[in-house]
Amino acid sequence: MPPASSTPQVSPWWTPSVHEDRRPILLARNRIEAAIRLYFAQHDFVLVDPPGLQRSPGNETHLHAFATNAIGNDGLGETLYLHTSPEFSMKKLLAAGERRIASIGHVWRNRERGALHHPEFTMLEWYRANESYDAVIADCIEMLRIAARETGVAKLRYRDRESDPFAEPERLSVIDAFSRYAGIDLFATMNAEGETNAEALAAQMRERGLAVPAEFTWSYLFSRILVEKVEPNLGLGRITILDRYPAAEAALARRAGDDRRVSERFELYACGVELANGFGELTDANEQRRRFMLEMAEKERLYGERYPLDEDLLAALPLMPDTSGVALGFDRLVMLAAGATRIDQVLWVPVAERLK
């Protein structure tokens, strides 16, 4: 007989008593989704339904996709991927002539599971053609307020942190955030075109007693500082809009008109949790190809794999109007409105975990 486990056994989600406890949150989830769909309808968005299967799942270095083998009528196989975002499909629809579109659907990201991550989750993604970057920021703020109203709460909560979605949001540039919370001058590590100097960033980190590994890139150090020093301070008390990312960290965004070192990219935070990632969208196909190739080269260096480029997307970009777009993690939004501590708590059916 195997030894008894010392780890307490947790009842599965489908146990009636567990489901009874979860059900109020799940019903709140449905109310929030219905209210968001109504918001899109009232603001003249067309709800679209992009397919999950794609030839390219996305071309960002640290996003990992699920692959599958599609068998054609001829019996031959082709590698397809479950998309990490509906972005590429939606941009083709913008090129085709749509102007305000939104999607509420499932996306898949491999190598991601934890309190705030799930391998399959629901993403809200929407685009406004010929409208300002600020318009989608305003949409995001309203999404948080909708979630709070539908759950009857005055503040969003995650563990011991609170954020008032009805207060005036804080808008903070990445440059200012790094200076305020880490004592790092990011502009001192870039030239006028936004090209980065990893050693200059490492030197500042060492001066401030921050650990620097033996091997590093500027992007790796940037991410370390962001996660460890900056993000925990964002969205506390009120929403934070972290704005104007360095161009090197905004592969899908156009550069800011007043400073080529930064791009029109923002992330929205509440309670120290990232909820949304938005852009003034890049429409230069040649520049987008160049950035995708750099991202995939780095992915191959780090992880030994790369994904194909979506040639249809690159062909469609010149037809796409100036557009602003954003993706928002719906499950995280429900978490904060319901005061949940794990993403599994707000999913009707969590993905089964690996047997141990």
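Colleague: Happy to be looking at this with you! Leaving aside neighbours within four places in sequence, which residues is R171 in contact with?
Modeller: Welcome! Keep in mind that this is a predicted model. R171 sits in strand β9, which covers residues 170-173. Setting aside its neighbours within four places in sequence, R171 is in contact with Y133, D134, I137, I241 and D243.

Colleague: How far apart are the side chains of R171 and D134 in their polar contact?
Modeller: The side chain of R171 makes polar contacts that include one with the side chain of D243, at 3.0 Å. With the side chain of D134, R171 forms a polar contact of 2.9 Å.

Colleague: Is R171 buried, partly exposed or exposed?
Modeller: Buried would call for a relative accessible area under 20%, and exposed for one over 50%. R171 has a relative accessibility of 42%, so the class for R171 is partly exposed.

Colleague: What separation do the C-alpha atoms of R171 and V262 have?
Modeller: Along the chain, R171 and V262 are 91 residues apart.

Colleague: Let's move to N59. Is N59 buried or exposed?
Modeller: N59 is found in the loop between β2 (53-54) and β3 (66-71). A residue counts as buried under 20% relative accessible area. The value for N59 is 2%, so N59 is buried.

Colleague: Which residue has its backbone oxygen 3.2 Å from a polar atom of the N59 side chain?
Modeller: Not counting residues up to four places away in sequence, N59 touches F88, F292, E295, M296, Y307, P308, L309 and D310. The N59 side chain reaches the backbone oxygen of Y307 at 3.5 Å. The backbone oxygen at 3.2 Å belongs to P308.

Colleague: Now for a pair of helices. How are α4 and α6 oriented to each other?
Modeller: Two packed helices are described by the angle between their axes and the distance between the axes. Helix α4 (residues 174-182) packs with helix α6 (residues 218-230) at an angle of about 60°, and their axes are 10 Å apart. Angles of 65 to 115 degrees would count as roughly perpendicular, and those under 35 degrees as roughly parallel. The orientation of α4 and α6 is therefore oblique.

Colleague: And how many of the residues in the contact of α4 with α6 are nonpolar?
Modeller: α4 passes α6 in a left-handed crossing. On α4 the contact is made by V174, A177, F178, Y181 and A182, and on α6 by F222, I225, L226, K229 and V230. No polar residue takes part in this contact and 1 is charged, while the number of nonpolar residues is 9.

Key: Residues are numbered from 1 along each chain as its sequence is written. This is a predicted model: local features need pLDDT of at least 70, side-chain atom pairs count only at pLDDT 80 or more; totals for chains, interfaces and linings use all residues. Side-chain values use heavy atoms; hydrogens and water are left out. Axes are lines fitted to C-alpha atoms, for helices over the stretch in contact, and angles run from 0 to 180 degrees between N-to-C directions. Helices (H or I, at least four residues) and strands (E, at least two) are DSSP runs, numbered from the N terminus. Angles under 35 degrees count as roughly parallel, over 145 as roughly antiparallel, 65 to 115 as roughly perpendicular and the rest as oblique. A crossing is left-handed if the near helix is turned anticlockwise from the far one by less than a right angle, and right-handed if clockwise. Contact means heavy atoms within 4.5 Å. Ala, Val, Leu, Ile, Met, Phe, Trp, Tyr, Cys and Pro count as nonpolar, Asp, Glu, Lys and Arg as charged, and the others, Gly among them, as polar. Buried means under 20% relative accessible area, exposed over 50%, partly exposed in between (1.4 Å probe, protein chains only). A polar contact is a pair of N or O atoms within 3.5 Å; within protein, one must be able to donate a hydrogen and the other to accept it, and residues adjacent in sequence count only if both atoms are side-chain atoms.
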